[in-house]
Amino acid sequence: MQWQQLTVSTTSEAADAVSDIMIQAGASGTVIQDKSEVAALRDSKGPNGWDMIDDELVDEMPENVLVTGYYSTDGAEAAVSYMRKAFEGLTDAGELTIETREVDDKDWAEGWKEQFSPIRLGNTFVVTPSWCSVEEKTGDRIIKIDPGMAFGTGAHETTAMCVEMVERYVKSGNTMIDIGTGSAILAIAASMVGAKSVLAIDIDPLAVKTARDNVTFNGIENVRVVKGDLLKNIDEKANVITANIIADVIIKIAAPVKKHVLPGGYFICSGIPFARSNAVIAALEKAGYLIQELKHMGEWVAICARNINA
C-alpha cells in the first residue's frame with residue numbers, strides 16, 4: 001500500500017505542538033527525531049536513561065528537529081493545507097518546511113530499522129526491535145516490537161510513563177483494557193506483569209494487525225486485540241484501563257470510561273501536553289476519580305486516576 005510521508009522541520013520547543021497538529025491532520029501517530037533530546041536521554045544516569053542506544057545513531061541524526069507522520073495518498077493534500085494554517089499560530093518553531101515523499105509499507109518498515117534501538121522502560125522492561133538481540137539482565141522483561149505503520153516503540157515519553165504505571169498498578173490476576181493500543185506495548189506489558197486478561201482496542205485496522213502480530217511474536221495468549229472506536233459497544237469492565245491518546249479525547253471520555261473501571265481500579269492516561277494537564281485533571285475529578293499519581297517527562301504528563309466509588 002502507498003502512503004504519503006510528511007516530514008516537518010522544526011525546533012525542540014515546538015516539536016510537541018507540531019506533532020499534535022499532524023495528528024489532528026490525520027496521522028495515526030508521529031515520529032519525532034530530536035538529536036538533543038535523544039543525546040540527553042542517552043547520557044542520563046537515571047532509570048529512564050537509554051543505556052542501549054547506539055552513539056553513532058545520535059551523531060548521525062539531523063540538527064533540526066524532524067516530525068514525521070504518514071497519511072493516505074488521497075488525504076495528504078488536505079493534511080498539508082490543514083497543517084500550514086495551524087502552523088501560523090506557532091512561535092519559536094523554526095523553518096516549518098514540509099517535505100513529502102511517497103512510501104510503501106516495506107519502505108516504512110526499513111526506515112524504522114535505522115532509527116529504533118532497544119530501550120529500557122520502568123524497572124524491568126526492555127523494548128527492542130524484533131530484529132535485534134538483547135543482552136538480558138536478571139529480571140528483565142523483554143518486549144519485542146515491530147511497530148509497522150502503527151507507531152509506538154516506547155521511545156516517546158508518553159509511552160514510557162504509561163509502561164511505568166502499568167508496571168506499578170497492574171497486579172497479578174487483574175484485567176485491563178487498553179484504548180488506542182497502537183503497537184500493543186502497554187497490553188503486552190500488562191500481560192507480562194501478571195494480568196489475567198487484556199482487551200486491546202484500536203480504530204486503525206493497520207494498528208490492529210500490527211498489535212496482533214506483536215502479541216503473537218511475544219508469545220502472549222491472554223491479550224485480545226479488536227478494532228473499535230474507543231469503548232463504543234464494549235460492555236466489559238476492568239481493574240485497569242489505559243489510554244495513551246490525546247488530551248481532548250481523554251477529557252471527553254473521562255466520565256464514560258469510569259463506568260468500565262471496577263471499584264478501586266485505575267484509569268491510566270497520557271498523551272497530555274503539560275499545558276493541558278489541568279484541564280484533564282479537572283475532567284477526571286469532575287467524573288469522580290481520585291488523582292493517584294501525576295508523572296512528568298519532558299513536556300508531557302501521565303495521570304493515574306482511581307475509581308473510588310465502592
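Reply: Helices (H or I, at least four residues) and strands (E, at least two) are DSSP runs, numbered from the N terminus. The model is predicted: local features need pLDDT of at least 70, side-chain atom pairs count only at pLDDT 80 or more, and totals for chains, interfaces and linings use all residues. Residues are numbered from 1 along each chain as its sequence is written, and side-chain values use heavy atoms, with hydrogens and water left out.

Me: Which glycine follows α8, and what is its phi?
Reply: Helix α8 covers residues 205-217. The glycine that follows α8 has a positive phi, near 70 degrees, and is glycine 219.

Me: How many contacts beyond four places in sequence does the model have for residues 45-53?
Reply: Contact means heavy atoms within 4.5 Å. Over residues 45-53 pLDDT stays under 50, and the contacts beyond four places in sequence number 22.

Me: Where do the buried residues of α8 lie around its axis?
Reply: Buried means under 20% relative accessible area, exposed over 50%, and partly exposed in between (1.4 Å probe, protein chains only). The buried residues are Ala207, Val208, Thr210, Ala211, Asn214 and Val215. The arc is taken from the directions from the helix axis to the C-beta atoms. Down the axis of α8 these residues fall within an arc of 170 degrees, so they line one face of the helix.

Me: Which residues are exposed on the other side of α8, and which elements do its buried residues pack against?
Reply: On that other side, the exposed residues are Pro205, Lys209 and Thr216. The buried residues pack against β7 (141-145), α7 (185-192), β9 (197-202) and β10 (223-227).

Me: Which strands are the edges of the open sheet of seven strands?
Reply: Two strands pair if DSSP finds at least two bridges between them. The order is β10-β9-β8-β11-β12-β14-β13, with mixed pairing. Each edge strand pairs on one side only, and the two are β10 and β13 (289-297).

Me: What is the bridge partner of threonine 242 in β12?
Reply: Strand β11 (residues 238-244) pairs with strand β12 (residues 261-273) in the parallel sense, over six bridges. Within β12, threonine 242 has as its bridge partner isoleucine 268.

Me: Is serine 197 buried, partly exposed or exposed?
Reply: Serine 197 is found in strand β9. Beyond its neighbours within four places in sequence, serine 197 is in contact with Asn174, Thr175, Met176 and Asn222. Its relative accessibility is 31%, so serine 197 counts as partly exposed.

Terms used:
The expected span of a helix is 1.5 Å times one less than its number of residues. pLDDT is the predictor's confidence in each residue, from 0 to 100.
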